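I opened this structure to take notes on it for a reader who is new to it.

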Amino acid sequence: MKVVQTVAGVREALMTPREEAMRIGLVPTMGAFHEGHLTLFRTCDQECDVAVASLFVNPTQFGPTEDLASYPRDLERDKLLAEEAGIDLLFAPTVEEVYPLDFQTAVEVTQLGSILEGASRPTHFRGVATICLKLFNIVQPSVAYFGRKDAQQAAVIRTMLRDLNLTIELRVIPIVRDADGLALSSRNAYLEPDERRRALALSQALQAGLEACRAGGGTEAALATARRMLDSAEGIVVDYLAVADLDGPTLAGAVRVGSTRLIDNVLLDEEAR
Ligand code: AMP
């Protein structure tokens, strides 16, 4: 696996594959790899001739009081894991490489970017859409890989690709979970054992909501069931819980457990629409 820190380095490394019309896949990440990232890498490796991953803790998608400074970083460990999972080129730029001092442009997906996560984190999707468009322009992949864990992010990117006439194919992989149901997240590393136990209420509530929907109650029962369970859960604060169209009817939630903010979602059955 080749590791490059500069945009010029990416362009050079991809010159020959591009000339040979190879299929280039890109997996954008913020590092601290877990099985969710590794599943994306393996899928990209299987489906493309050249598998590229980016590792960049993007400051513009964090709010002023969020965890940018403490976000887990371990480049050496991540390099080993990415290589093992089939990544050919890892782009790990500095902040200065991505955002020169006079950087002043942004992309905003106005409606979809302002609900749910966007309502709680007003500048988040502007940061996400802008960095993704930059990465798409730097790598120029045929296909980009995202996780359903961040369902709204994938839907925002899909909307941006459509609205700005990009021809990149979007592949979204299912949520990878721990055996007990907790969605894997780099932020799970913040959880104390007791918090880890309390955090389970989110995936359990969403699962119960899905079952209520399937039992014939539709989206209303899904929401009411999940809400009831979350409201009675100990030691977590609900940020939002809602049903929205995120590439299909989706029950999505965000909670705080101590100082850690976690998100999760389930796709409700199509007939629930
Ligand atoms: P991040 O490094 O958190 O920005 O995530 C990079 C990519 O991995 C995003 O497309 C996420 O949606 C995806 N991802 C993160 N956690 C999971 C998970 N548990 N299952 C599937 N995809 C995930």
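The entries below go by topic, starting with the ground rules.

**Ground rules**

I am working with a predicted model, where local features need pLDDT of at least 70, side-chain atom pairs count only at pLDDT 80 or more, and totals for chains, interfaces and linings use all residues. Residues are numbered from 1 along each chain as its sequence is written, and side-chain values use heavy atoms, with hydrogens and water left out.

**Domains**

I looked up the domain assignment first. It gives domain 1 (2-173) and domain 2 (190-266); such bounds come from an automatic or database domain assignment. The C-alpha centres of domain 1 and domain 2 are 27 Å apart. To the contact between them, domain 1 gives 18 residues and domain 2 gives 14 residues. I take contact to mean heavy atoms within 4.5 Å.

**Nonpolar cores**

Next I looked for nonpolar cores. A nonpolar core is a set of buried Ala, Val, Leu, Ile, Met, Phe, Trp, Tyr and Cys residues joined through side-chain atoms within 4.5 Å. Buried means under 20% relative accessible area, exposed over 50%, and partly exposed in between, with a 1.4 Å probe and protein chains only. In soluble globular proteins, nonpolar side chains tend to be buried together.

Which residues have the most contacts inside the largest core? They are Phe136, Ile157 and Met160, in a core of 44 residues. Helix 7 gives the most to this core, with 10 residues. Helices (H or I, at least four residues) and strands (E, at least two) are DSSP runs, numbered from the N terminus. At least three residues of this core come from each of domain 1 (2-173) and domain 2 (190-266).

I then listed the partners of Phe136, setting aside its neighbours within four places in sequence. Among them are Leu26, Pro141, Phe146, Ile157, Met160 and Ile168.

A second, separate core has 22 residues, including Leu191, Leu206, Cys213 and Ala226. I checked Cys213 and found that it counts as buried, because its relative accessibility is 8%.

**Cysteines**

I counted disulfides, taking a disulfide as a pair of cysteine sulfur atoms within 2.5 Å. The count comes to 0. For Cys48, the nearest cysteine sulfur is that of Cys44, 4.3 Å away, and Cys48 is in no disulfide. Cys48 counts as buried, at 9% relative accessibility.

**Ligand surroundings**

A polar backbone atom of Gly147 is 2.9 Å from an oxygen atom of the ligand. For Val176, a backbone N or O atom lies 2.8 Å from a nitrogen atom of the ligand. A polar backbone atom of Leu184 is 2.9 Å from a nitrogen atom of the ligand.

**Residues in loops**

His34 is in the loop between strand 2 (24-29) and helix 3 (35-47), and it counts as buried at 18% relative accessibility. A polar atom of the His34 side chain lies 3.0 Å from the backbone nitrogen of Gly36. Leaving aside neighbours within four places in sequence, His34 is in contact with Leu184, Ser185 and Ser186.

Is Arg187 buried or exposed? Arg187 is buried, because its relative accessible area is 16%. Arg187 lies in the loop between strand 6 and helix 9 (193-231). Not counting residues up to four places away in sequence, Arg187 touches residues including Phe62, Asp67, Tyr71 and Arg261.

**Positive phi**

Most residues other than glycine have a negative phi. Gln140 has a positive phi of about 50° and lies in the loop between helix 7 (124-139) and strand 5 (143-147). Gln140 counts as partly exposed, at 42% relative accessibility. Asn165 has a phi near 60° and lies in the loop between helix 8 (151-163) and strand 6 (169-173). Asn165 counts as exposed, at 65% relative accessibility.

Technical notes. Polar contact = N/O pair within 3.5 Å; in protein donor to acceptor, adjacent residues only side chain to side chain.
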